[in-house]
Amino acid sequence: MTRILFITATRIGDAIMNMGVLDHLITTHPDARITVGCGPLAAPLFRAIPEVERVIVMKKQKGGGHWLKLWRESVGHRWDMVVDLRGSLTSWFLWAGQRFVKRPNPRAGVRHRVEEAAEVLRLGAAPGTRLWIDAAGEARADAELPQGQTVLALSPAASAVFKEWAPERFSELALRLTAEDGLLPGAAIAIFGGPGDEARAQAVKAGLEARTVIDLTGQLDLVEAAACLKRAALFVGNDSGLMHMAAAAGTPTLGLFGPTDERLYAPWGEKARIVRAGDRFDERERRALADTSRESLMGALQVDAVERAAAELMAESAKA
């Protein structure tokens with residue numbers, strides 16, 4: 001048995017972008033028994049992974065107390081391998097046969113977060129992302145989504161207002177895509193989001209006339225959401241954890257970008273694409289915006305551009 005401590009992200013999207021490394025560990029160590037250290041938002045992602053025997057939830061505390069919690073709950077074990085994708089000091093104070101800790105590498109230039117994670121294990125190529133879905137998740141998808149009907153998935157919220165495309169543009173796009181002459185004629189429209197995103201969902205629904213709308217905002221856990229997204233014909237959403245989830249599920253995924261850098265955060269996969277509003281922002285600018293911006297910076301992205309990008313994505317995905 002190989003005992004592995006896997007330390008990953010707090011945010012859902014970042015944790016999903018690290019899942020390829022976890023999948024690599026499981027594939028190359030079939031006898032692995034894995035403990036995961038992560039934030040509370042990402043913790044439910046690991047529920048359906050048989051090799052994960054424990055999740056240490058690191059709720060942020062003052063003075064780095066969450067790292068002390070991780071150390072206390074892991075220092076008593078002799079780990080065959082510690083893989084730390086957060087680059088913490090905690091990893092260096094644990095007994096480990098092998099230790100892989102993320103370190104700054106300014107000479108590497110701008111790289112996608114998936115590639116950064118792969119570099120920690122010194123992998124030659126970045127692995128694809130992956131999600132694990134259990135029977136309960138599949139059953140919830142059976143219950144929520146209409147059998148035999150095409151589904152367009154939308155995610156109109158994001159972790160920050162400045163990354164959110166206007167709800168009325170989501171509505172207009174959905175009407176075009178599901179029209180008789182649209183890309184997905186007659187498709188049901190499923191709206192995804194977490195607790196607290198209900199206002200955004202309601203604003204989109206208000207513009208959808210008599211279309212079939214399934215509002216799943218705040219109704220699903222992460223595994224259930226993954227199961228539902230896996231069944232969608234197309235996902236369109238802001239730069240968010242749900243965007244990364246849809247791409248990892250293998251759904252054709254169109255990410256809407258403006259004040260974030262797609263070179264780092266684009267959805268990863270053969271069936272994933274982005275469309276951009278205006279000029280690219282670098283990571284330093286994004287962090288500054290997180291502290292100062294209280295309005296959307298996605299106004300330059302027009303519905304026509306997103307509709308064209310969706311059509312191109314679907315055509316390319318059909319060939320993949």
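**View A. The aromatic pair of W165 and F170 in the predicted model**. The structure, which is a predicted model, holds 1 aromatic pair. The ring centres of W165 and F170 lie 5.1 Å apart with their planes at 75°, so the arrangement is edge-to-face. W165 counts as buried, at a relative accessibility of 0%, and F170 is likewise buried, with a relative accessible area of 0%.

**View B. The charged end of R78 over the ring of W95**. The close-up is centred on an arginine and a tryptophan, R78 and W95. The charged end of R78 sits over the W95 ring, at 4.1 Å from the centre of that ring.

**View C. A nonpolar patch on the surface, with F93 as one of its members**. The patch is formed by L68, W71, V75, L89, W92 and F93, which together have about 610 Å² of accessible area. Within this group, F93 is placed in the loop that runs between β4 (79-84) and β5 (96-101). F93 counts as exposed because its relative accessibility is 58%, where the cut-off for an exposed residue is over 50%.

**View D. The cysteines C38 and C228, both buried in the model**. C38 has a relative accessible area of 0% and is therefore buried, while C228, with a relative accessible area of 1%, is buried as well; the cut-off for this class is under 20%. A search of the whole structure for disulfides finds 0.

Notes:
Residues numbered from 1 in each chain as written. Predicted model: local features only at pLDDT ≥ 70, side-chain atom pairs only at ≥ 80, totals over all residues. Heavy atoms only, no water. Disulfide = S-S within 2.5 Å. Buried < 20%, exposed > 50% of the residue type's maximum accessible area, 1.4 Å probe, protein only. Phe/Tyr/Trp six-rings, centres within 6.5 Å; stacked < 30°, edge-to-face > 60°. Lys NZ or Arg CZ within 6 Å of the ring centre and 35° of its normal. Patch = residues over 30% accessible without salt bridge, like charges linked within 9 Å, V, L, I, M, F, W, Y side chains within 5 Å. Areas by Shrake-Rupley, 256 points an atom, 1.4 Å probe, with all protein chains shown as cover. Salt bridge = Lys/Arg side-chain N within 4 Å of Asp/Glu carboxyl O. Helix = DSSP H or I, 4+ residues; strand = E, 2+ residues; numbered from the N terminus.
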